[in-house]
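User: Good morning. I am new to this structure and would like to be walked through it.

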Amino acid sequence: MVNPEGAAAGDFISDAVEKDNEQGTYSGRVQTRFPPEPNGYLHIGHAKAITVDFGIAERFSGICNVRLDDTNPVAEDPEFVNSIMEDIRWLGYEPAQVLHASDYFQQLYEWAEYLIGEGLAYVDDQDNETISAQRGGFGRPGQDSPFRDRSVKENLDLFRRMRTGEFPDGSRVLRAKIDMNADNMALRDPVMYRIRHASHHQTGDEWPIYPTYDWAHGQSDAIEGVTHSLCTLEFDTHRPLYDWYLEHLPLPQEKPRQIEFARLELTYTITSKRRLAKLVADGVVDGWDDARMPTLRGMRRRGCPPAALREFCRDAGTTRTNSRRNIEELESFIRHELNTTAQRRMVVTRPLHLIIDDWPTDENGDPVVEWFELTNNPENPGDGTRKVAFTGDLFIEQEDFAEVPPPKFFRLFPGNEVRLRGAYLITATSIVKDAEGRVVEVHASYDPASRGGDAPDGRRVRSTMHWVSAPHAKDVRVALYDRMFTTPNPGETTGEPLDDLNPDSRVLLEDSKAEAAIADVQPGQVVQFERLGYFALDPDDPALFHRTVGLRDEWASLQRKAARANKPPKVRKSKKVQNNG
């Protein structure tokens, strides 16, 4: 049974699975797995793999497990295990089972003994450097190890003594006996086991030897009953080895099939775990969950909706060619989703004082407070409305006022009339400057007959501005983000991506002012700051908002430019975002 909801654009993997089902290769059964190594945090590239693995299983009414490929105890940590599972579930997926490669250590060991007994594996006493040198290179033949022709009896004895912990780290390895002159370097007697006296987060100190990833990978797939082992393209050259191991073992069921697809890379972004770790270690970012990081935890902190990320990955489809997708395209998906789901709030990020001189007072001489009912989300009437206080003492954005306006500036300047969102029409009358000559206060008059923002005589104004009542304002901090790197393809010039770091990738505004309803925003929730963009409340700091994306759809602009150049990009059109003035 095929469920089209799980399909992705340009999905050659679905075509391959469907063909297998038609041929009865696995009796119509489909089982996939997402196999992260628990030695770091998931990033945008993993999101693509997750949507492919779970999406294929969903489309064909199969199952998808998570298998933590925990074969390197030195690099792994329970913290990574927990974060991986949290991120997968945040993205919207629930595995059929959560498994570990370490669950199969005994079976892997027994199969290694089987290959030794078949004369297809041997213990090598050489160090890693010597083994690497003897493997030769492309166009250069390999050199047989002097231990390659050990007897089965001697190999079994040595391997069992490796298992009991008799030998020190690095003194011996177990290698598959394949072909030292194979064109594919992966087949030149690859290492299967290394001695490593290290405690494992799952098995403790039970094992002094650990399988390599290549040895554990396909065999774990076979043990679990995986039908289609979906990997990124860097595993393409390892497929012959994957198949060789499986073809020489007494498997409990059909041999799984490995299929490779291109990984997801974005412009202005890196996903190298080593380089991301350096950013964290050097204090360039605040941690793995810094809102600038391409990790799923960072994207979550910044307010990226998981639904948008899933849809972006599905839209990208699966191909066999590596390429970078424009980050503006991802932002378009984010913007499209948030336009529907995010409630609106008025926040002044760089406040300038605005005084309405003719604002009325009550019988006690206190300024009158009026209340306006504003829509929470024009895209979703179910979100209702909110009450917003208005007084003659307000904050507006500094950039919304110009003492001497440039051409085509329609916002506030002396003598110009503008609309204050949902409230009144006002006209600037005078300004106050500080000792350095900076405008610190604008004075204005208002039209009492324009309540709600429209003049009874029908006159039109060319600008609508947001505002915050100063007596009712809440203090917030706002983090504005630019690209993390200054070039679309970091490292293209020097070869080192970190050379292209943007030193101004984050600007923190400490004195922003928000309407009172901002207090109702929950940690992690995204709201639209009217006219400014979408912002997420930090999960740990109740006064800090991270800009998720701005309101301007840069991807739509790129599409229009491409269309004018007669090079239309193969993507869906982006929905126009409601920006409320």
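This is a predicted model: local features need pLDDT of at least 70, side-chain atom pairs count only at pLDDT 80 or more; totals for chains, interfaces and linings use all residues.

User: What is the order of the strands in the open sheet of three strands?
Analyst: The order is β1-β2-β3, with parallel pairing. Strands are DSSP runs of E, at least two residues long, and helices are runs of H or I, at least four, numbered from the N terminus. Two strands pair if DSSP finds at least two bridges between them.

User: Which strands stand at the edges there?
Analyst: β1 (31–34) and β3 (98–100) do; each has a single partner strand, so one side of each lacks a neighbour in the sheet.

User: How many bridges pair β1 with β2?
Analyst: Four bridges pair β1 with β2 (residues 63–68) in the parallel sense. F34 stands opposite V66 in β2.

User: Which strands does helix α3 lie across?
Analyst: Helix α3 (residues 78–90) lies across β1, β2 and β3, at about 155° to β2. Such angles run from 0 to 180 degrees between N-to-C directions, with axes fitted to C-alpha atoms, for helices over the stretch in contact.

User: Changing topic, what is the strand order in the open sheet of four strands?
Analyst: That order is β4-β5-β6-β7, and the pairing is antiparallel.

User: At what angle do α4 and α7 cross?
Analyst: The axes of α4 (residues 105–117) and α7 (residues 213–224) cross at roughly 110° and come within 11 Å. That makes α4 roughly perpendicular to α7, a term for angles of 65 to 115 degrees.

User: Which residues of α4 meet α7?
Analyst: Q107, L108, W111, A112 and L115 in α4 meet W215, A216, Q219 and I223 in α7; contact means heavy atoms within 4.5 Å.

User: Finally, is strand β8 buried or exposed?
Analyst: β8 (residues 228–232) is mostly covered, with five of its five residues buried, meaning under 20% relative accessible area (1.4 Å probe, protein chains only). H228, L230 and T232 lie on one side, and S229 and C231 on the other.

How values were computed. Residues are numbered from 1 along each chain as its sequence is written. Side-chain values use heavy atoms; hydrogens and water are left out. Angles under 35 degrees count as roughly parallel, over 145 as roughly antiparallel, 65 to 115 as roughly perpendicular and the rest as oblique. Buried means under 20% relative accessible area, exposed over 50%, partly exposed in between (1.4 Å probe, protein chains only).
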